[in-house]
Amino acid sequence: MIEKLEIHGFRGLTGLSLPHIGRINLIIGPGNSGKTSLLEAAFLLCSSGDPNLLRTLLGLRGAIHDNLTADEWASLLGWFWPRHAPNERCRLEGMVHGSSRVVEVSKLTPGDAKSAEIQSSLLSSELHAQQLRDSVASFMLRTEHDNKSQIGMLYVPPHGKPNTMFHGLPNLPARFVTQRERGLSSHLASVWTSVEDASEDKSVTALLREFDPGTQSISVAASEGGRAYLRVQHETLGRVPLEFQGAGFGKALSLSAEVIAAKNGILLIDEFEDSLHVGAQGAIAAFLLKAARKYGVQLFITTHSLETIDALVERFDASKELFD
């Protein structure tokens with residue numbers, strides 16, 4: 001669990017200090033006020049030096065597509081710093097599970113490459129060194145925790161997608177629910193396995209009946225091309241793809257499944273109210289709080305809706321004995 005967080009030079013956030021972070025965290029503010037950036041900073045703090053998280057964050061923003069050029073990749077990766085940042089470096093400091101943790105992301109200049117090679121065994125071979133020298137742009141992610149330092153490199157070759165150099169410990173468990181990911185059947189198919197393994201498929205299905213009383217069950221299927229997707233067994237419609245249900249149904253399924261999959265980790269929810277009718281938000285909030293307590297999940301939730309704030313606070317007040 002993240003107990004505190006300080007953000008220096010990440011996106012539009014600098015000098016932001018959150019000294020007391022709890023099990024349930026509600027982040028409130030108008031659009032474009034930095035709520036999503038705060039979630040992304042918390043997500044990045046979970047890194048163990050793995051530079052793949054940088055690409056993950058770009059994907060969550062919907063910034064990645066198949067035809068990006070090397071220069072476009074380099075420009076997108078520069079997104080992590082405020083505009084006109086003098087050092088092109090962001091630093092996150094926090095307390096996680098009772099121990100201090102620091103994550104730094106920096107853009108390397110040609111002059112930095114040699115020192116990076118000396119510091120990191122990842123660059124001990126001449127092949128790796130040459131790849132770094134030939135790159136359009138290169139970035140280093142360093143994590144310090146438990147008196148250890150782990151380094152990962154992400155570099156953009158002249159042609160093709162970014163490559164990474166990293167051989168370290170796994171990242172701390174963290175999951176992210178964004179507006180872009182809501183109700184995506186192919187993504188949720190893998191998450192649903194965690195729900196079934198926890199024997200929570202019936203409880204999630206019961207929640208979904210709040211949206212559609214005809215819902216009977218959820219199952220994983222595969223297309224002829226081998227892509228997994230979710231199907232809904234419906235009382236009157238029969239067996240239909242998840243996409244046949246409304247956006248609110250998909251969002252409810254996403255939230256309820258992800259909190260179970262985030263067992264003993266962190267779940268970051270961006271714009272909780274997106275696609276959800278006000279009347280249904282209380283039931284979902286109650287499910288999230290109960291599941292978070294049961295599975296040891298820390299919640300970070302952003303919203304700009306007063307109705308959503310009321311629903312979340314009301315449900316927390318009704319469930320606060322779970323967190324005493």
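**Cores, sheets and helices of the predicted model**

The largest nonpolar core comprises 42 residues, and those with the most contacts inside it are Leu-44, Phe-80 and Leu-92. Helix H1, which spans residues 35-45, supplies the largest share of this core, namely seven residues. A second, separate core is made up of 38 residues, among them Val-191, Val-232, Ile-269 and Ala-291. These descriptions refer to a predicted model. The protein chain has 324 residues, of which 48% count as buried, and contains ten helices and 14 strands. Among contacts between residues at least 6 apart in sequence, 64% join residues at least 24 apart.

Leu-92 illustrates how separate parts of the sequence meet. Apart from its neighbours within four places in sequence, Leu-92 is in contact with Leu-5, Glu-6, Ile-7 and Phe-10, with Ala-41, Leu-44 and Leu-45, and with Arg-101, Val-102 and Val-103. The strands around this residue can be described in turn. Strand E1 (residues 2-8) pairs with strand E4 (residues 89-96) in the antiparallel sense, over six bridges. Within this pair, Glu-6 stands opposite Glu-93 of E4. E1 also runs antiparallel to strand E2 (residues 16-18), to which three bridges join it. Here Leu-5 has Leu-18 of E2 as its bridge partner.

Glu-93 has Val-102 as its bridge partner in E5. The hairpin of E4 and E5 has two residues between the strands, and His-97 in this hairpin takes a positive phi near 55°. Strand E5 covers residues 99-108; seven of its ten residues are buried, so the strand is largely enclosed by the rest of the structure. E5 and E6 are joined by eight bridges in an antiparallel pairing, in which Leu-108 stands opposite Ser-138 of E6.

Helix H3 (residues 70-77) shows a division between a buried and an exposed side. Its buried residues are Ala-70, Trp-73, Ala-74 and Leu-77. They cover an arc of only 100° around the axis, which puts them on the same side of H3. The face turned away from this buried side carries Asp-71 and Ser-75, which are exposed. The buried residues of H3 pack against helix H2 (52-60) and against two strands, E6 (137-145) and E7 (148-156).

A parallel sheet occurs elsewhere in the chain. Four strands form this open sheet in the order E3-E14-E13-E9. Strand E3 (24-28) and strand E9 (174-177) stand at the edges with a single partner strand each, so one side of each is left without a neighbour in the sheet. On average, neighbouring strands of this sheet are turned by 15° against each other, direction ignored. Strands E13 (residues 266-269) and E14 (residues 298-303) pair over four bridges in the parallel sense, and Leu-267 has Leu-299 of E14 as its bridge partner. Helix H8 (residues 247-261) lies across E9, E13 and E14 and runs at about 175° to E9.

Within this sheet, Thr-303 belongs to strand E14. Residues are treated as buried under 20% relative accessible area; Thr-303, at 0% relative accessibility, therefore counts as buried. The side chain of Thr-303 is joined to that of Glu-273 by a polar contact of 2.7 Å. Not counting residues up to four places away in sequence, Thr-303 touches Leu-26, Ile-27, Ile-28, Gly-29, Lys-35, Glu-271, Glu-273, Thr-308 and Ile-309. Among these contacts, Leu-26, Ile-27 and Ile-28 lie in the edge strand E3 (24-28).

A further open sheet consists of three strands with antiparallel pairing, in the order E10-E11-E12. Its edge strands are E10 (215-222) and E12 (238-241), each of which pairs on one side only. Neighbouring strands of this sheet are turned by 30° against each other on average, direction ignored. Strand E11 (residues 228-234) and E12 pair over four bridges in the antiparallel sense. In this pair, the bridge partner of Arg-231 is Pro-241 of E12.

Key. Residues numbered from 1 in each chain as written. Predicted model: local features only at pLDDT ≥ 70, side-chain atom pairs only at ≥ 80, totals over all residues. Heavy atoms only, no water. Core = buried A, V, L, I, M, F, W, Y, C linked by side-chain atoms within 4.5 Å. Buried < 20%, exposed > 50% of the residue type's maximum accessible area, 1.4 Å probe, protein only. Contact = heavy atoms within 4.5 Å. Arc of directions from axis to C-beta. Pairing = 2+ DSSP bridges. Axes fitted to C-alpha atoms, helices over the stretch in contact; angles between N-to-C directions. Polar contact = N/O pair within 3.5 Å; in protein donor to acceptor, adjacent residues only side chain to side chain.
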